[in-house]
Amino acid sequence: MSMPFYVSPEQVMKDRADYARKGIARGRSLVALESADGIVIVAENPSRTLFKISEIYDRIAFAGVGKYNEFEMLKIAGVRHADLKGYSYSREDVNARGLANAYAQTLGNVFTHEMKPYEVEILVAQVGESTADDELFHILYDGTVMDEERYTVLGGQAESIAETLGNRYEDGLSLDAAVKLGASVLGGADAQALAPEQLEVGVLQRAAAKRAFHRIKGDELVALLGS
Amino acid sequence: MNEQRLPVFAAGIDPGPSFVELLRRVQPHDVPGAGAVGEGSGLPITHGTTVVAIRFADGVVMGGDRRATSGFTIASRRIEKVFPADDYSGIAFAGAAGPASEMVKLFQTQLEHYEKIEGEPLSFEGKANQLSQLVRGNLPAAMQGLAVVPLFAGFDERRSRGRVFSYDVTGGRYEESDFQTTGSGGVHAKNWIKAFWREGLGLDESVDLALRSLFAAADEDAATGGPDLVRRIFPTIAVVDIAGFRMLPDDDIERRAEAQLGGREEGAGL
């Protein structure tokens, strides 16, 4: 009778985590910043149609880095979760915390039970009345949830970008300034800011009456970055 | 619903961008029309009455009176029958108020859900067809007396003009070239609009025409509410044009309504 190979659980988890991290590191990064006028999400994304940043609900946005089909699937699941909850209860009852928990459960389950973990990192952002009420949930491939303040960076070069951003971020930035800052830190510590055609920008506008998500693109983005 | 689990589906049973299909998979008991009990049961059912939609030069105007009846009783004096469907369209209903408000909510969610999943909004035709399916889904309830007959109208961004669709209880969908009404006072309102409508009507004239047609309906139909000068209740009017959907503010409608009073009803034998 053949004996199955023994592999320690630590080793299994480590292998899976390494696998997921490698996949994520291959992709481009994304930053989210709280500003006076709302939450700004800036991603390096040359595609005009395959989005990394999306609307989930009235005041909630989603962003993902890593494998497109995986975070797109998670985005759709999030929209379904939010719309079902809003339809069953009320629009006010849909919040980022509940959604972040659901994502954490799903990612955690996939990480431990499935053949391969998801190679993604995701962000669930919710804009509030003021920056103090803003919420940024950064969720990792294994379901780890981090409740971030002021700004957060997702993706392969997260550490170095976060360092630059930490030095340059200020409280109470205007929306335009936050988009510019996001675009410039994505270019790397000493490189030039990324050009508009390499960027995808989504904002959650604090003053919006209902659906706060707005995609800044095309001429609007060029004008904003050029000003 | 299970709060902790994300709705993820295998390829074969994925509901796609349809919220109604999604609801059918996860919460089938919440799909409107399931387990209908209607007038056959002898229970009182609240009905909304007259709504109108008029195309004008730059878009459409939609209006509804404020009365809901239950048999011969006035169930509500302040019910609203005109709602935004999305940024560029509106829905107005006549018929059983309960199923109608449920249908409105489902339709709004459906349009927004599609837009978020697909990344772009449905075409105007697509929206009209979606509503058609919802009305058809309500047919079993309609057979028991819970009919809902909506009007769907808005600004078609691709064609750059206002469009009006009407429906019958079976989900039949008809595009109207200029205007349509529905509900118990609909025929009176329609006659009034027919007499005064012309191509290229302006916004102000169309709003006044919508108000006037609702007053005319209230004059002839007991289930349609007229201008209530004691409680200061007037019809609700929405405008959809290139700037999107907006409800007219109460004071604007009040001012317009007052200007219309004492017109044709006095002395003309109407």
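**Entry 1: a helix pair in chain B**

I began with α6(B) and α7(B), whose crossing is right-handed, a crossing being called left-handed if the near helix is turned anticlockwise from the far one by less than a right angle, and right-handed if clockwise. The contact draws on B:V207, B:D208, B:L211, B:R212 and B:F215 of α6(B), together with B:R256, B:A257 and B:Q260 of α7(B); two residues are in contact if their C-beta atoms, placed from the backbone, lie within 7 Å. By class I listed four nonpolar, one polar and three charged residues in the contact of α6(B) with α7(B), where Ala, Val, Leu, Ile, Met, Phe, Trp, Tyr, Cys and Pro count as nonpolar, Asp, Glu, Lys and Arg as charged, and the others, Gly among them, as polar.

**Entry 2: what kind of model this is**

This is a predicted model, in which local features need pLDDT of at least 70 and side-chain atom pairs count only at pLDDT 80 or more, while totals for chains, interfaces and linings use all residues. Residues are numbered from 1 along each chain as its sequence is written, and chains are lettered from A and ligands numbered from 1 in the order in which they are written. For chain B I read an average pLDDT (the predictor's confidence in each residue, from 0 to 100) of 90, with 92% of the residues scoring at least 70. The model scores ipTM 0.91 and pTM 0.92.

**Entry 3: the sheet in chain A**

In chain A I followed an open sheet of five strands in the order β8-β1-β2-β9-β10, with antiparallel pairing; strands pair if DSSP finds at least two bridges between them. Strands β8 (151–154) and β10 (213–216) of chain A stand at the edges with a single partner strand each, so one side of each is left without a neighbour in the sheet. Seven bridges join β2 (residues 38–44) to β9 (residues 199–205) of chain A, and A:V40 has A:V203 in β9(A) as its bridge partner.

**Entry 4: between the chains**

I found 18 residues of chain B in contact with 19 residues of chain A. On the chain B side, α2(B) gives the most, with five residues.

Key: Helices (H or I, at least four residues) and strands (E, at least two) are DSSP runs, numbered from the N terminus.
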